[in-house]
Amino acid sequence: MPAAQPPQLDSLFAALADPTRRAIIDRLLARGELSVGEVAARFSISTPAITRHLQVLEAAGLIERRIERQWRFVRVRANALAPMENWLARQRQHWSAALDRMEAVAAAQTPRQRKS
Amino acid sequence: MSDTETTLRIERLIASPPEVLFALWIEPAQLLKWWAPDGYEASVDVLDVRPGGRWRTTMRRPDGGLVATSGVYRIVEPPRRLSFTWAWEGENGARGHETEVLLTFEATPGGTRLVLLQERFESKETCDRHTVGWSSAFHRIEKIAF
């Protein structure tokens, strides 16, 4: 049943609504920390465009940056996806139980088919 | 590597025809038979079942507290497709995370294949682009049911 909604949930979902940003997160999860150039090299869009995506991800609390000399590195923040995963798990539980009940009501209203 | 998921997908094969199932969602008396968990007392405040129409239900928890869910219908195509926005309402009336639920009822020889998709509700500006997203969501999401 519903709990208090973490305030960051909407910005989290908004940030991840974009396929490129989801792909960036997937890549960072697989590789750990990457330089901005390494992230950009994987996508056929400009580095400034990648930088804008990274800014959205950072604002949503999904990634954090580190600067070392002239390089900028990014990585996924620990537990950054937890609020979204918790929300999805709660909703899955809610609907699974609801559909069980719906199915039982439907069965009572459906004439049994004779099996030949 | 699984993709980062932002969509919930549940699929069920149900031994009842789409017409029976669809009615369970849009008729208040039918909805009340299954909408709330055991021990909860559900009531329908409004089900204005047409695109743009509002819906709102309230559930009284065993401890007496009230939980409401509400939204707006977006697609109403009996008995095949139904979609609506969906959010929990807090005690103070504030709406929680806004999402959209899409139900498809596909007739099968044994009854119905029901697919429920729930994902973040897109604002109007991104909605057109996002209709494409529904179909891709079909392919990338974990299956729950049988």
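**View 1. Contacts between chain A and chain B in a predicted model.** In this predicted model, 31 residues of chain A are in contact with 27 residues of chain B, where contact means that the C-beta atoms of two residues, placed from the backbone, lie within 7 Å. On the side of chain A that touches chain B, two or more residues come from each of helix H1 (9-16), H2 and helix H5 (82-109) of chain A, and H5(A) gives the largest share, 17 residues. Helices here are DSSP runs (H or I) of at least four residues and strands are runs (E) of at least two, numbered from the N terminus. By class, this side of chain A has 20 nonpolar, five polar and six charged residues, with Ala, Val, Leu, Ile, Met, Phe, Trp, Tyr, Cys and Pro counted as nonpolar, Asp, Glu, Lys and Arg as charged, and the others, Gly among them, as polar.

**View 2. Helices H2 and H4 of chain A.** Helix H2 (residues 19-31) of chain A packs with helix H4 (residues 47-59) of chain A at an angle of about 75 degrees, their axes being 10 Å apart. H2(A) is therefore roughly perpendicular to H4(A), a term for angles of 65 to 115 degrees. A:Thr20, A:Arg21, A:Ile24 and A:Ile25 of H2(A) meet A:His53, A:Val56 and A:Leu57 of H4(A) in this contact.

**View 3. The elements of chain B.** Chain B has three helices and seven strands, which follow the pattern β-α-α-β-β-β-β-β-β-α along the sequence.

Residues are numbered from 1 along each chain as its sequence is written, and chains are lettered from A in the order in which they are written. Local features need pLDDT of at least 70, and side-chain atom pairs count only at pLDDT 80 or more, whereas totals for chains, interfaces and linings use all residues.

Methods:
Axes fitted to C-alpha atoms, helices over the stretch in contact; angles between N-to-C directions. Parallel < 35°, antiparallel > 145°, perpendicular 65-115°, else oblique.
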